[in-house]
Amino acid sequence: MKQSRRSFLMNTTLALSGAVLFPGGIPGRQKPKGFLADIGVCTSVTNSELLAGFGYSYIEENVQQFLVPEKSEEEFNGLLKIARNAKIPVTVCNSFLPGTYKCVGPDAVPGKILEYAETAFRRAGISGVKIIVFGSGRARQIPDGFPVEDARLQFINLCSQMAPVAAKYGVTLVIEPLNKKECNFLTSVSEGGEIVKDVNHPNVRLLADIYHMKMDDEDPGSILNYGSLIRHIHIAEKEGRAAPGKHGEDFREYFEALKKIKYKGRISVECHWEDMNSQAMTAINTIKKQAL
C-alpha cells in the first residue's frame, strides 16, 4: 500500500529523534530497557484520531464527563459508543469527584461518595478504564481549623472502603498529590505514599505528577522511595503547565528515577495546550528523547 507523505514524514521524524517503541507505537523499534511506558493525553476521546496519528497510545478522560456517574445509563452508553469507535482506547480517567463531594472535614459525605464510586467503577470496568485518578483538590481540601490528623483518618477510611469496590470492577484508584497552591492536603508524593501504605490495598495506589513535583521542588528521590506504590504518571512543564517541549524544560532526573524503579505503567500529558495539533508531536518526542 502506498504510504502517505504525512505518514512517511511522521515516521521519519520519530526515527531521527531517537523515538522508541512504547506499546501502541511503531512496530520494530527497540524498547528502552527497564522503562516501558505507554504515553497518552488527558483530553476528550474526540481527539483520539489526531493523537493516534502522532503515536500516542491512549486517552485519559474525565470521570465526570465520560463515566458520568450522576447521569443515566443511556447517556453513558452514548459516550461509550463513541469511545469504542475511537482510534486509541480510553484506559484512564481523572477528575474523580465534584468539589461538592467533601472527603474530609465536618461536611464530609462518605456515604454519597461510595454510592458515586460504585457507579463510576462499574462503568470504568465496562468501558475498559483501568485507572481512576483521585486528585479532586476541592473535594479533599481541609477546612480551616479542622484537625489535619482527623482529616487524614477520614481520607484513609474512605479509600479503604472504596478499595474493594474498585477491585470488584478491575479498577485501580491512584491518589494524586497536588501542589500546595492547589490543595492543602496530600501535597507531595511522600505524603501520598504514606496514605497508600496505611490504606494497604492493591487497588489503591499512587500517582506521581512531575508538574506538581516541580511546582513544590519535590526531589525525584520521592519516586525512588515510593516506587513500589506508583502506578501512574502525569507530566507537564512547570512554566505555565505547558506541553513538554514548549519551554525546553528538563525532565531527565525524573525519568532516571522511573527507570530505577523499573516503571512500566502509563505517562499522561496533562497540560495547557496552546494548539494540540501543532504541539502534540513535540510533546511525545520530548518525552521519548529525554526518557532515553
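**View 1. R241 and E182 meet in a salt bridge**. In this predicted model, local features need pLDDT of at least 70, side-chain atom pairs count only at pLDDT 80 or more, and totals for chains, interfaces and linings use all residues. Residues are numbered from 1 along each chain as its sequence is written, and side-chain values use heavy atoms, with hydrogens and water left out. The N to O distance between the R241 and E182 side chains is 3.6 Å. A salt bridge here is a side-chain nitrogen of Lys or Arg within 4 Å of a carboxyl oxygen of Asp or Glu. R241 sits in the loop between β7 (230–235) and α11 (252–260), E182 in the loop between β5 and α8 (189–199), 59 residues apart. Helices (H or I, at least four residues) and strands (E, at least two) are DSSP runs, numbered from the N terminus. R241 is buried at 12% relative accessibility; E182 is partly exposed at 37%. Buried means under 20% relative accessible area, exposed over 50%, partly exposed in between (1.4 Å probe, protein chains only). Shared partners join E182, D209, R241 and E270 into one salt-bridge network.

**View 2. E73 pairs with R123 across two helices**. The closest N and O atoms are 2.8 Å apart. R123 is buried, with a relative accessible area of 2%. E73 is partly exposed, at 35%.

View 3. D217 is exposed, with a relative accessible area of 66%. K238 is partly exposed at 35%.

**View 4. 8 strands close into a parallel barrel**. The order runs β1-β2-β3-β4-β5-β6-β7-β8. Strands β4 (residues 131–134) and β5 (residues 172–175) pair over 4 bridges. Pairing requires that DSSP finds at least two bridges between two strands. I131 has T172 as its bridge partner in β5.

**View 5. Residues of the largest pocket lining**. Of its 26 lining residues, N62, N94, S95, E176 and E270 are the closest to the pocket centre. Elements giving two or more residues to this lining are β2 (58–62), α3 (63–67) and α6 (137–140). A pocket is an open set of points on a 1 Å grid over the protein atoms alone, with protein on both sides within 12 Å along at least five of seven lines; lining residues have an atom within 4 Å of a point.

Technical notes
On a 1 Å grid over the protein atoms alone, a cavity is a set of points where a 1.4 Å probe fits but cannot get out, and a pocket is an open set with protein on both sides within 12 Å along at least five of seven lines; lining residues have an atom within 4 Å of a point.
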